[in-house]
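Subject: Structure handover

Hello,

Here is the structure you were expecting. My notes on what was found in it follow below.

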Amino acid sequence: MQDIRLAIFDWDGTLMDSVGRIVACVQGAARDCELAVPAPAQIRQIIGLSLDVAMSRLFPLRSDSGTAIDERQIAMLIDRYRHHYLHDTTPSPLFSGAGELLHDWQSRGLHPLFVTSRGADEARSKPDPLMLEQILDELGLSPRQAVMIGDSVHDMAMAEAIAMPRIGVTWGVDSRDALSRH
């Protein structure tokens with residue numbers, strides 16, 4: 001990892017403690033759509049995926065009761081999730097030390113702090129590596145010149161797919177054991 005020129009951070013669960021807010025918003029969307037409300041543990045498993053993939057995993061096309069969940073309902077869940085995310089008051093602060101670390105790096109001449117970004121709605125859902133490939137292409141770097149820093153197996157699998165070095169953090173959604181598989 002001597003030639004690393006770029007650190008790529010996952011945001012939710014890595015830099016920002018947003019798990020509680022995401023859980024509250026998914027549960028609110030389910031209630032709004034009159035669907036069974038998933039448990040927090042179920043929701044934690046989809047954090048980091050694009051909303052369409054996440055909602056399809058949480059609310060499969062056939063529920064246990066035999067009621068069909070169709071694409072219209074998935075779209076409604078996503079809409080209600082976004083509504084809740086904009087209005088939810090669950091705190092989602094930066095993790096202790098994250099702000100200080102980023103400002104320290106910036107003060108050492110790493111300007112600008114964030115040179116580009118990609119979200120789940122701008123590429124295929126994790127673990128597909130397209131998001132990372134787009135960033136690398138934009139910046140003219142190879143996978144070996146960057147490191148992915150994330151808290152989920154989705155982050156690690158995405159980087160692993162293109163042989164990018166990766167660092168798993170254990171204060172987010174997945175355990176050390178789950179992360180170390182990647």
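Two strands count as paired if DSSP finds at least two bridges between them. The model is a predicted one, and in it S1 and S2 pair in the parallel sense over four bridges. Alanine 7 sits opposite valine 147 of S2. In a regular strand the side chains alternate between the two faces of the sheet.

Helix H4

Helix H4 takes in residues 71-87. Its 17 residues, at 1.5 Å a residue, should span 24 Å, and the C-alpha atoms at its ends are 24 Å apart, which agrees. The buried residues of H4 are Gln73, Ile74, Leu77, Ile78 and Tyr81. Seen down the axis of H4, these buried residues fall within an arc of 145°, so they line one face of the helix. Helix H1 (19-32) and helix H3 (51-58) are among what covers them. The face of H4 turned away from the buried side carries Arg72, Leu86 and His87, which are exposed. At the start of H4, a side-chain oxygen of aspartate 70 comes to within 3.2 Å of the backbone nitrogen of arginine 72.

Salt bridges

Side chains of opposite charge can pair when their charged atoms come close. How many salt bridges does a search of the whole structure find? It finds six. The ones below are included in that search of the whole structure.

Aspartate 10 forms a salt bridge with lysine 126, and the closest N and O atoms are 2.9 Å apart. Aspartate 10 is in the loop between strand S1 (6-9) and H1, and lysine 126 is in the loop between helix H5 (98-107) and helix H6 (130-139), so this pair ties together parts that are 116 residues apart in sequence. Are aspartate 10 and lysine 126 buried or exposed? Both are buried.

A second salt bridge to look at joins the side chains of aspartate 121 and arginine 82, at 3.0 Å from N to O. This pair links distant parts of the chain, with aspartate 121 in the loop between H5 and H6 and arginine 82 in helix H4, 39 residues apart. Aspartate 121 counts as exposed because its relative accessibility is 57%, where exposed means over 50%. Arginine 82, at 40% relative accessibility, counts as partly exposed.

The side chains of glutamate 138 and arginine 118 also meet in a salt bridge, at 2.8 Å from N to O. Glutamate 138 is in helix H6 and arginine 118 is in the loop between H5 and H6, so that the pair links distant parts of the chain, 20 residues apart. Glutamate 138 is partly exposed, with a relative accessible area of 45%. Arginine 118 counts as partly exposed too, at 24% relative accessibility. Salt bridges that share partners join Asp10, Lys126 and Asp155 into one network.

Serine 152

Serine 152 lies in the loop between strand S2 (146-150) and helix H7 (153-160). Its relative accessible area is 1%, so serine 152 is buried. Which residues is serine 152 in contact with, leaving aside its neighbours within four places in sequence? They are Ile47, Val173, Asp174 and Leu179.

Regards

How values were computed: Residues are numbered from 1 along each chain as its sequence is written. This is a predicted model: local features need pLDDT of at least 70, side-chain atom pairs count only at pLDDT 80 or more; totals for chains, interfaces and linings use all residues. Side-chain values use heavy atoms; hydrogens and water are left out. Helices (H or I, at least four residues) and strands (E, at least two) are DSSP runs, numbered from the N terminus. The expected span of a helix is 1.5 Å times one less than its number of residues. Buried means under 20% relative accessible area, exposed over 50%, partly exposed in between (1.4 Å probe, protein chains only). The arc is that of the directions from the helix axis to the C-beta atoms. Contact means heavy atoms within 4.5 Å. A polar contact is a pair of N or O atoms within 3.5 Å; within protein, one must be able to donate a hydrogen and the other to accept it, and residues adjacent in sequence count only if both atoms are side-chain atoms. A salt bridge is a side-chain nitrogen of Lys or Arg within 4 Å of a carboxyl oxygen of Asp or Glu.
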